[in-house]
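Have a look at it yourself before reading on.

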Amino acid sequence: MPEHTLIAIDAGQTGIKTRLVEADGSAQEWLFPGVLTDRPLLPQLAAVVAEVTRVTGQAPHTVTFGVSGLTSADDEADALMQHPDLADVHRIVVTHDSVTSFLGVLGDQQGAVVAAGTGVVTLGVGPEHSTRVDGWGYIMGDAGSGYWIGRAALDAVMRAHDGRGPATALTADVQGRWADLETAYVALQSSEDRVRTVASFAAPTAAHAASGDAVAIRICHGAAAELATAILAALRVTDAPADAAVGAIGGVFGSDVIRSAFESAVRAERPDARFVPPAGSGLDGAVALAGLGSGHPLHERFAERTR
């Protein structure tokens with residue numbers, strides 16, 4: 001087994017991004033379907049490692065995981081070490097994807113990073129400690145996420161249909177999926193992929209906001225306000241300096257309407273905050289996770305196991 005071969009995994013709800021880094025620094029990447037948060041997590045993660053091992057013909061020395069929906073890094077690390085698909089792996093490092101997002105975007109800087117895709121989570125790191133904000137799933141949290149935006153869009157379309165709300169261009173997008181709006185809710189509620197289906201309406205909402213649809217603009221501004229609230233809470237709780245770095249990644253921030261409103265809302269309270277272009281991605285953060293030692297400020301947020 002090559003001593004320094006690494007599989008780094010950034011497991012989100014939109015997709016599971018995977019990078020194999022060889023001892024000579026060369027790398028290959030794969031994209032797998034996203035984590036299903038209503039199903040057991042461990043088999044989904046183990047299956048990715050097993051598939052990469054099968055394709056490459058060798059087990060890695062180290063596997064790092066940055067995972068959406070992680071509840072206990074220690075428990076998952078212990079369980080993964082016992083899983084037969086990882087029997088030949090020497091070292092495993094497990095953390096929440098908020099940590100890998102932070103490492104990928106800001107590295108060792110103090111500040112906060114919000115990662116907004118299908119779900120959303122924010123991590124803040126100050127001079128003495130770190131804190132996580134939201135990331136509580138689509139039922140209890142994930143405010144400002146792709147799911148949150150898509151849910152608001154569906155609500156707006158049905159309000160317009162009933163006469164409870166203003167007309168919106170979003171109606172055509174929803175009817176493109178379900179021609180009969182009055183039975184759409186039945187089809188959606190019975191779908192096994194309903195979370196990603198709802199989140200899929202975030203992109204057309206952003207597009208219609210850019211084109212001037214008032215309903216879509218309101219939804220996008222609401223999402224931006226929620227994301228800014230999370231960042232500001234993270235900076236406040238960690239006592240981050242006034243000029244702390246702020247990073248924002250994920251598909252939601254592909255919308256200029258959302259990004260602009262988000263930055264304006266943060267600056268209203270933190271005028272000296274520095275909006276930093278991402279140094280890398282959550283997958284880069286998963287690679288960096290392999291090199292973190294016990295003295296790192298985020299050490300308490302990951303679990304490491306070796307054979």
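**Ground rules**

I am working on a predicted model, where local features need pLDDT of at least 70, side-chain atom pairs count only at pLDDT 80 or more, and totals for chains, interfaces and linings use all residues. I number residues from 1 along each chain as its sequence is written, and side-chain values use heavy atoms, with hydrogens and water left out.

My helices (H or I, at least four residues) and strands (E, at least two) are DSSP runs, numbered from the N terminus. I call a residue buried under 20% relative accessible area, exposed over 50% and partly exposed in between, with a 1.4 Å probe and protein chains only.

**Entry 1: helix 3 and the glycine after it**

I looked up how well helix 3, residues 97-106, is covered, and found 10 of its 10 residues buried. The buried residues include Asp97, Thr100, Phe102 and Leu106. Just after helix 3 I came to Gly107, which takes a positive phi of about 60°.

**Entry 2: two aspartates with positive phi**

Which non-glycine residues did I note with a positive phi of about 60°? Asp134 is one of them, and Asp142 is another. I found Asp134 in the loop between strand 8 (130-133) and helix 4 (137-140). Asp142 sits in the loop between helix 4 and helix 5 (146-162). Asp134 counts as buried because its relative accessibility is 15%. Asp142 is buried too, with a relative accessible area of 4%.

**Entry 3: helix 5 against helix 6**

Next I checked how helix 5 packs on helix 6 (residues 170-177): the angle is about 100° and the axes are 9 Å apart. For the record, axes are lines fitted to C-alpha atoms, for helices over the stretch in contact, and angles run from 0 to 180 degrees between N-to-C directions. That angle makes helix 5 roughly perpendicular to helix 6, a label for 65 to 115 degrees, where under 35 is roughly parallel, over 145 roughly antiparallel and the rest oblique.

I then listed who makes the contact, meaning heavy atoms within 4.5 Å. Helix 5 supplies Ala153, Leu154 and Val157, and helix 6 supplies Leu170, Thr171 and Val174.

Thr168 lies in the loop between helix 5 and helix 6. Is Thr168 buried or exposed? Thr168 is buried, as its relative accessible area is 11%. Its side chain joins that of Asp213 through a polar contact of 3.0 Å. By my rule, a polar contact is a pair of N or O atoms within 3.5 Å; within protein, one must be able to donate a hydrogen and the other to accept it, and residues adjacent in sequence count only if both atoms are side-chain atoms. Not counting residues up to four places away in sequence, Thr168 touches Ala156, Val157, Asp213 and Val215.

**Entry 4: aromatic rings**

My search of the whole structure turned up 4 aromatic pairs. Rings of Phe, Tyr and Trp (its six-membered ring) pair if their centres lie within 6.5 Å; planes under 30 degrees apart count as stacked, over 60 as edge-to-face and the rest as tilted.

I noted Tyr138 and Tyr147, with ring centres 5.0 Å apart and planes at 55°, so this pair is tilted. Tyr138 is partly exposed at 26% relative accessibility, whereas Tyr147 is buried at 15%.

I also noted Phe262 and Phe275: their centres are 6.1 Å apart and their planes at 75°, so this pair is edge-to-face. The pair links distant parts of the chain, with Phe262 in helix 11 (residues 256-269) and Phe275 in strand 10 (residues 274-275), 13 residues apart. Phe262 is buried at 0% relative accessible area, while Phe275 is partly exposed at 21%. Together with Phe253, Phe262 and Phe275 form one aromatic cluster.

**Entry 5: Gly247**

Last, I turned to Gly247 in strand 9 (residues 245-249). Gly247 counts as buried, at 0% relative accessibility. Which residues does Gly247 contact, leaving aside its neighbours within four places in sequence? I found Val105, Ala112, Val113, Val114, Ile231 and Val276.
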